[in-house]
Amino acid sequence: MAIANSPTQLTPQLITPENFQPYGQVIFPTDDGKQFDENDAQLSLAAGIPRFYIMHLRKVGLKFHSLARHQQCTQCLGSLGSKEWFMAVAPASSALEQINLEQIAAFRITGNCFIKLNAGTWHAGPLFAEEFIDFYNLELHDTNINDYEVCNLRKLYNLSFDLHV
């Protein structure tokens, strides 16, 4: 039996619109009445029925060994109650084996914003150390059934990650 390497330490960076741009968008509050522009979430939900719900997650920790993606839609996530959380991401790729491992990045997401993941963006999370956090989630009604692909990094590359916060 092969012994897995110890987890790779990944230090999350504070999310900004600029550093998150390869993976999606960061959406901050704006004044009511502001006209739609490039700073608003650029959504792609035409492939099905949008689903907006509150997702209750119990303590998931700060470690991961797989990435998931949804290629048919964008996904928006944000915590309720101004809770801080983390997301690990990698740019979209055409195949599991083409994930650029050097481009896996982790972000610290403050409770005053949402993120929009581009279609196809690989992601692990939401990650957090609290007992539970509730999240707003916007995706398609069948995203986790018909548009859910997982890359097991441990199995493919003998690789796992631990966020160093």
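In the pairing of strand 9 (residues 105-109), the bridge partner of Gln13 is Phe107. Strands here are DSSP runs of E with at least two residues, numbered from the N terminus, and two strands are taken to pair if DSSP finds at least two bridges between them. The structure is a predicted model, in which local features need pLDDT of at least 70 and side-chain atom pairs count only at pLDDT 80 or more, while totals for chains, interfaces and linings use all residues. Residues are numbered from 1 along each chain as its sequence is written, and side-chain values use heavy atoms, with hydrogens and water left out.

Strand 9 pairs with two strands that can be described in turn. With strand 2 (residues 13-14) the pairing is parallel, over 2 bridges. With strand 8 (residues 85-90) the pairing is antiparallel, over 5 bridges, and Trp85 stands opposite Ile109. Strand 9 is largely enclosed by the rest of the structure, because 4 of its 5 residues are buried (buried means under 20% relative accessible area, exposed over 50% and partly exposed in between, with a 1.4 Å probe and protein chains only).

Met87 belongs to strand 8 and is buried, with a relative accessible area of 0%. Beyond its neighbours within four places in sequence, Met87 is in contact (heavy atoms within 4.5 Å) with residues including Ala105, Ala106, Phe107 and Ile109. Among the other contacts of Met87 are Leu77, His123, Ala124 and Gly125. By contrast, the C-alpha atoms of Met87 and Asn144, 57 residues apart along the chain, are separated by 18 Å.

An open sheet is formed by 3 strands in the order 1-14-5, with mixed pairing. Strand 1 (8-10) and strand 5 stand at its edges with a single partner strand each, so one side of each is left without a neighbour in the sheet. Strand 1 pairs with strand 14 (residues 161-163) in the parallel sense over 3 bridges, and Leu10 stands opposite Leu163.

The pocket analysis used a 1 Å grid over the protein atoms alone, a pocket being an open set of points with protein on both sides within 12 Å along at least five of seven lines, whereas a cavity is a set where a 1.4 Å probe fits but cannot get out; lining residues have an atom within 4 Å of a point. Grid points are joined across faces, edges and corners, and a volume is the space filled by probe spheres set on the points. The largest pocket has a volume of about 360 Å³. Its lining comprises 23 residues, of which Ala68, His123, Ala124, Gly125 and Tyr148 lie nearest the centre. Strand 11 gives the most to this lining, with 5 residues. By class, the lining of the largest pocket has 13 nonpolar, 8 polar and 2 charged residues (Ala, Val, Leu, Ile, Met, Phe, Trp, Tyr, Cys and Pro count as nonpolar, Asp, Glu, Lys and Arg as charged, and the others, Gly among them, as polar).

The second largest pocket has a volume of about 220 Å³. Of its 13 lining residues, Pro17, Gln25, Val26, Glu38 and Asn39 are the closest to the centre.

For Cys76, the nearest cysteine sulfur is that of Cys73, 9.4 Å away.

Terms used: A disulfide is a pair of cysteine sulfur atoms within 2.5 Å.
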